[in-house]
Amino acid sequence: MNQTPSRPIASVLIVEDHPLFSDALSITLQIVGGISSVRTSSSIAECLGQLALGPQPDAVFLDLNLPDADGLDGLLKVRKAAPDAALLIVSSLTSPAIVSAAIEFGASGYVPKHSQRQVFQDALARIGRGEIYLPDGFATAEPAGAKPLALTRDRLESLTAQQSKILSLISEGKLNKQIAHDLDIAESTVKAHVTVIMRKLGVQNRTQAVLAAQAARFDSLAAR
């Protein structure tokens with residue numbers, strides 16, 4: 001579980017694919033938090049592009065249900081791209097197992113989408129102090145196998161962006177030749193990446209690699 005350093009939240013990047021909610025959240029943050037800079041993006045890819053261009057926001061407000069995110073992999077990518085920013089999940093998914101896993105994967109807090117303005121105000125204050133935020137009375141559940149989940153998180157975070165892409169394509173059932181074509185790289189390069197991926201994940205074959213990747217999927221978490 002990670003905590004970000006204490007600092008005032010003056011700039012926020014919202015990652016949300018529903019324009020109406022994104023606009024409403026932007027207005028809410030400016031009203032209740034006095035946020036001077038609010039940027040928006042509608043996908044993980046767009047978010048990562050903005051983070052690469054800079055400037056880095058003080059906080060990222062991330063929806064988990066995005067077209068180009070599979071489970072918690074989007075959270076991991078944003079966490080890696082903005083390691084110093086507070087990362088608050090704003091989601092309609094409120095399963096205790098998913099909330100707990102999101103915090104374990106590096107989120108600074110979790111706010112249900114239906115929350116009132118006061119909740120967002122409280123969340124801004126808490127994450128601005130470098131603390132973890134959960135709404136009052138919001139119970140988390142220690143996922144079964146929490147230590148293996150933390151180990152999986154660390155191993156997935158160790159993958160490079162290219163290795164993460166290759167693992168995603170392996171999870172889709174694609175062979176090395178197909179992956180090489182999709183990514184426009186040599187098949188020998190794919191084979192080399194697959195070898196490194198399996199070593200980093202601590203697995204012996206492609207099936208085990210897929211199972212490791214699926215450990216961060218919502219359906220896997222909900223079944224815990």
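Q: Which residues touch the most other members of the largest nonpolar core?
A: V60, L62, L75, I89, L167 and L201 do, in a core of 45 residues. A nonpolar core is a set of buried Ala, Val, Leu, Ile, Met, Phe, Trp, Tyr and Cys residues joined through side-chain atoms within 4.5 Å. Another core lies apart from this one; its 18 residues include I9, A59, A123 and L124.

The model is predicted, so local features need pLDDT of at least 70, side-chain atom pairs count only at pLDDT 80 or more, and totals for chains, interfaces and linings use all residues. Residues are numbered from 1 along each chain as its sequence is written, and side-chain values use heavy atoms, with hydrogens and water left out.

Q: What does L167 touch, not counting residues up to four places away in sequence?
A: L156, L159, I197, L201, A209 and A213. Contact means heavy atoms within 4.5 Å.

Q: Why is D63 called buried?
A: Buried means under 20% relative accessible area, exposed over 50%, and partly exposed in between (1.4 Å probe, protein chains only). D63 has 4% relative accessibility, so it counts as buried. D63 sits in the loop between β3 (59–62) and α3 (73–81). Helices (H or I, at least four residues) and strands (E, at least two) are DSSP runs, numbered from the N terminus.

Q: What makes the D63 and K113 pair a polar contact?
A: The term needs a pair of N or O atoms within 3.5 Å; within protein, one must be able to donate a hydrogen and the other to accept it, and residues adjacent in sequence count only if both atoms are side-chain atoms. The side chains of D63 and K113 are joined at 3.2 Å. The D63 side chain also reaches the backbone nitrogen of N65 at 3.3 Å.

Q: Why are α7 and α10 called roughly perpendicular?
A: Their axes cross at roughly 105° and come within 9 Å. Axes are lines fitted to C-alpha atoms, for helices over the stretch in contact, and angles run from 0 to 180 degrees between N-to-C directions. Under 35 degrees counts as roughly parallel, over 145 as roughly antiparallel, 65 to 115 as roughly perpendicular, and the rest as oblique. The pair is therefore roughly perpendicular. L167, I170 and S171 in α7 meet R206, A209, V210 and A213 in α10.
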